[in-house]
Amino acid sequence: MLQTKTTIIILAAGKGSRMKSNYPKVLHKLGGKTILEYVLNTAKSIKPTKIILVCTNNIKKILSQTKNVPVEWVIQKHQKGTGDAIIIASKNFSDNENIIVLYGDMPLISKESIRKLQESKKKSNLSLLTSNIKHPEGYGRILRKKGKVISIIEDKCAKNKEKLIKEVYSGTFIANGKDLKRWLLKINKNNINQEFYATDIVYLAYLEGNTISTVKPLNYREMLGVNNQVQLSILEKIIQKKITENLMISGIILKDPDHFNLRGTLKHGKNIEIDTGVILEGNIILGDHVKIGAGCIIKNSMIKNKSQIREYSIIENVKIGESCIIGPFCHLRNNTIINNEIHIGNFVEVKDSTIEKKSKIKHLSYIGNSEIGSQVNIGAGSITCNYDGLKKSKTIIGNNVFIGSNTELIAPITISKNTTIAAGTTVIKNVEKPGLVYNKKEQKYKENWVLTKSNNKKTTK
Ligand code: UD1
Ligand code: MG
């Protein structure tokens, strides 16, 4: 038997004015992915003949920059309603195929529910995904006569009695291309919003005597859409719950799953422990036995086996080797690469640098644009002065260098391997060969001097 072709239309061109945001509604993020990505992924999983995406020029521009989206783009210039969006898309589908419409702001609609809808199409001309929900406010209500669907009434147009109806419309339906085109020709803007409502096709189908069926989603949560920031936050919670459950099922120890967020993707090994208040963003890779302390934020980074990120550290675009101890309270960023067995401690910032094996920077330092060798010790309060107000310059430190506390390294500068730098030194010249580097400083001393109001003023002048 010849298989009927299926086209999926995704409506994503709406203004999203209830979001009160300059950014397009469907490009707001949930769990690090855009709302629209969820709908697109579900649409792809159905393996339709094609996907038509009705959107604005702005959305097309943003999406085609980020990745290759395999869709037929249809631009809706003036947002005249969901019905108008389907009318514009109708030029791109033919009479003898099944059309599934999905709304771009309904990210939880599942593949299984769409499959059920496809199944029900075999016995009806129009099939709608609907469900009874506790709080139907804002949704189109399903009107029935003797159990049979006759129309959908939008919330804004509903009379008080109709507002009590709990069965609502998800925005998802299936119909034959020919039927749909005929119904679309008859819809109009005679409603409170002066918009073409896609939902009006239901009454038109009923008037023609078509069989209209309804299908329930597997989970009532699939009916939750995003029209404002409150709904966005509700969906974020739901998505994070699912993410954390999956992570725990795959073996990650989450000490406090209610206060953990993954906003992207996580590839991970075994025996990983993550404490409360951690945010992982972008693409994250964690090796075996990695521990992440409370309050850490990690973005687009890789952490290899047995390394620990201790409390309240921020790591962005960094590669961390094996058996390192990082933090608490440190900030590693901008393509920093950290080899194995390295300790970086309290209030240390490292930016755009590489650090080789077994080196230590344990307290209050800034390292920027540097190449640091192996077994280097950088004492408390030492900094690379990498910026002269116009450009950034490099600091290169050889293996086995000992840098005393409170050292300033004025870049560009190179320090030979096996050098020792005394505490409090300002290093202004390259150190070509191993040795001791120090600045001559004078220390004065007054015997039996005691602090009083008058001598305090004099000495601090
Ligand atoms: C719509 C339905 C409502 C249903 C609800 C489910 C209509 C008239 N109402 O209401 O019955 O219960 O969804 O979530 O369809 N869009 C366009 N072009 C436009 C207008 C909207 O592409 O001109 C897109 C939006 O980007 C969005 C989708 O269509 O992805 C739905 O639009 P929205 O304004 O959110 O409709 P609702 O008020 O939620
Ligand atoms: Mg909506």
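Me: How many helices and strands are there in the protein chain?

Reply: There are nine helices and 39 strands. Helices (H or I, at least four residues) and strands (E, at least two) are DSSP runs, numbered from the N terminus. Some ground rules: this is a predicted model, where local features need pLDDT of at least 70 and side-chain atom pairs count only at pLDDT 80 or more, while totals for chains, interfaces and linings use all residues. Residues are numbered from 1 along each chain as its sequence is written, chains are lettered from A and ligands numbered from 1 in the order in which they are written, and side-chain values use heavy atoms, with hydrogens and water left out.

Me: What makes β14 and β16 a pair?

Reply: Two strands pair if DSSP finds at least two bridges between them. Strand β14 (residues 273–274) and strand β16 (residues 291–292) have two bridges, in the parallel sense, so they meet that rule. Glu-273 has Lys-291 in β16 as its bridge partner. Both strands belong to an open sheet of 11 strands with parallel pairing, in the order β12-β14-β16-β19-β22-β25-β28-β31-β34-β37-β39. Its edge strands are β12 (253–254) and β39 (436–437), each of which pairs on one side only.

Me: Why is the contact between Asp-155 and Arg-141 called a salt bridge?

Reply: The term means a side-chain nitrogen of Lys or Arg within 4 Å of a carboxyl oxygen of Asp or Glu. Here the closest N and O atoms are 2.7 Å apart, so the pair qualifies. Asp-155 lies in the loop between β9 (148–153) and α5 (160–163) and Arg-141 in strand β8 (residues 141–145), so the pair ties together parts that are 14 residues apart in sequence. The whole structure has 17 salt bridges.

Me: Which atoms make polar contacts with ligand 1?

Reply: A polar contact is a pair of N or O atoms within 3.5 Å; within protein, one must be able to donate a hydrogen and the other to accept it, and residues adjacent in sequence count only if both atoms are side-chain atoms. A backbone N or O atom of Tyr-169 lies 2.7 Å from an oxygen atom of ligand 1. A polar side-chain atom of Thr-82 is 2.8 Å from a ligand oxygen, and a polar backbone atom of Gly-14 is also 2.8 Å from one. Taken alone, ligand 1 exposes 760 Å², and the protein buries 91% of that. Such areas come from the Shrake-Rupley method with a 1.4 Å probe; for residues, only the protein chains shown count as cover.
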